[in-house]
Amino acid sequence: MDLISFLPRAVMQGIPLLYGSTGEILTEKSGNLNLGIPGIMYVGGICGVIGAFFYEQSTPAASMNGLLAVGIPMLCSLLGSLLMGLLYCLLTVTLRANQNVTGLALTTFGMGVANFFGVFILNGASYTAAPLAYKAFSAMIPVLSGLGVVGEVLFSYGFLAYAAIVLAVVLHWFFTRTRAGLNLRAVGENPATADAAGINVTLYKYVATCTGAAICGVGGLYYVLDYNQGIWATTGQIEALGWLAVALVIFTTWKPLNAIWGAYLFGMLYWL
């Protein structure tokens with residue numbers, strides 16, 4: 001086995017898992033178990049691809065802007081997955097629907113919607129849907145990526161790979177060092193006591209779940225526009241990654257820092 005080429009593949013496989021698991025950790029800290037993560041990752045991926053596709057189709061090649069090529073799919077992905085989280089909260093928090101049933105329904109709904117619009121809008125163009133977005137999302141760190149073996153192993157990834165690690169560290173700090181994080185943990189562990197202490201339980205559940213869904217959606221976006229080279233036609237693996245992300249939350253005992261090494265461990269096991 002070529003270790004130098006194996007490690008980057010394992011890391012790239014683990015990045016969607018890291019986004020999915022950190023988003024689900026944030027959700028579960030509020031007391032919500034969202035089994036709709038695969039569907040949310042699907043929606044995040046297709047919204048990003050469609051946003052990039054429409055931008056690149058409507059803009060002459062000479063006028064294209066790299067910042068917009070990244071910003072538009074990111075915004076579309078965040079909004080799409082955020083709406084999925086909002087739908088989950090409306091059903092489970094406001095209407096008191098069963099969390100497990102609602103999550104499974106969202107997975108089925110998200111997969112169906114994503115695949116329908118993937119075929120309907122891209123219409124056979126999935127292999128060339130967003131070449132500029134793929135180039136922007138997969139761009140390596142200048143200079144550092146050329147440092148031989150070290151550069152290939154540590155610095156040969158797109159910016160979302162490093163953002164995922166930063167996000168996990170920030171979430172750890174948020175849970176352990178901020179008042180809002182402690183309030184969120186209280187809401188998840190004992191909502192009645194948190195409510196008696198003056199904490200707005202409903203608000204915390206909505207914000208945490210919707211934000212967690214948006215983070216999961218970025219995992220789907222990364223898979224399509226970076227790992228899968230902007231190709232939507234072969235994205236059936238997103239569902240498997242979504243379920244693995246849910247399992248990873250339990251495996252890492254609901255700790256964002258553990259999710260970092262856990263995601264890459266899962267990525268290595270996949271390629272082994």
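Predicted model: local features only at pLDDT ≥ 70, side-chain atom pairs only at ≥ 80, totals over all residues.
Once its neighbours within four places in sequence are left aside, serine 21 is in contact with Ala245, Leu248, Val249 and Ala259.

Helix 7 runs over residues 159-177 and has 19 residues, and from its first C-alpha to its last it reaches 26 Å, close to the 27 Å expected at 1.5 Å a residue. Its buried residues are Leu160, Ala161, Ala164, Ala168, Leu171 and Phe175. Seen down the axis of helix 7, these buried residues fall within an arc of 110 degrees, so they line one face of the helix. An α-helix has 3.6 residues a turn, so residues three or four places apart point the same way. On the other side of helix 7, Val166 and Arg177 are exposed.

**Aromatic rings**

The structure holds nine aromatic pairs. In one of them, the ring centres of tyrosine 42 and tryptophan 232 are 6.1 Å apart and the planes stand at 80 degrees, so the pair is edge-to-face. Tyrosine 42 lies in helix 2 and tryptophan 232 in the loop between helix 10 and helix 11, so the pair ties together parts that are 190 residues apart in sequence. Both tyrosine 42 and tryptophan 232 are buried.

Phenylalanine 174 and phenylalanine 175 form a tilted pair, with 5.7 Å from centre to centre and 55 degrees between the planes. Phenylalanine 174 is partly exposed, at 22% relative accessible area, whereas phenylalanine 175 is buried, at 3%. Lysine 29 lies over the face of phenylalanine 175, at 5.5 Å from the ring centre.

Key. Residues numbered from 1 in each chain as written. Heavy atoms only, no water. Contact = heavy atoms within 4.5 Å. Helix = DSSP H or I, 4+ residues; strand = E, 2+ residues; numbered from the N terminus. Expected span 1.5 Å × (residues − 1). Buried < 20%, exposed > 50% of the residue type's maximum accessible area, 1.4 Å probe, protein only. Arc of directions from axis to C-beta. Phe/Tyr/Trp six-rings, centres within 6.5 Å; stacked < 30°, edge-to-face > 60°. Lys NZ or Arg CZ within 6 Å of the ring centre and 35° of its normal.
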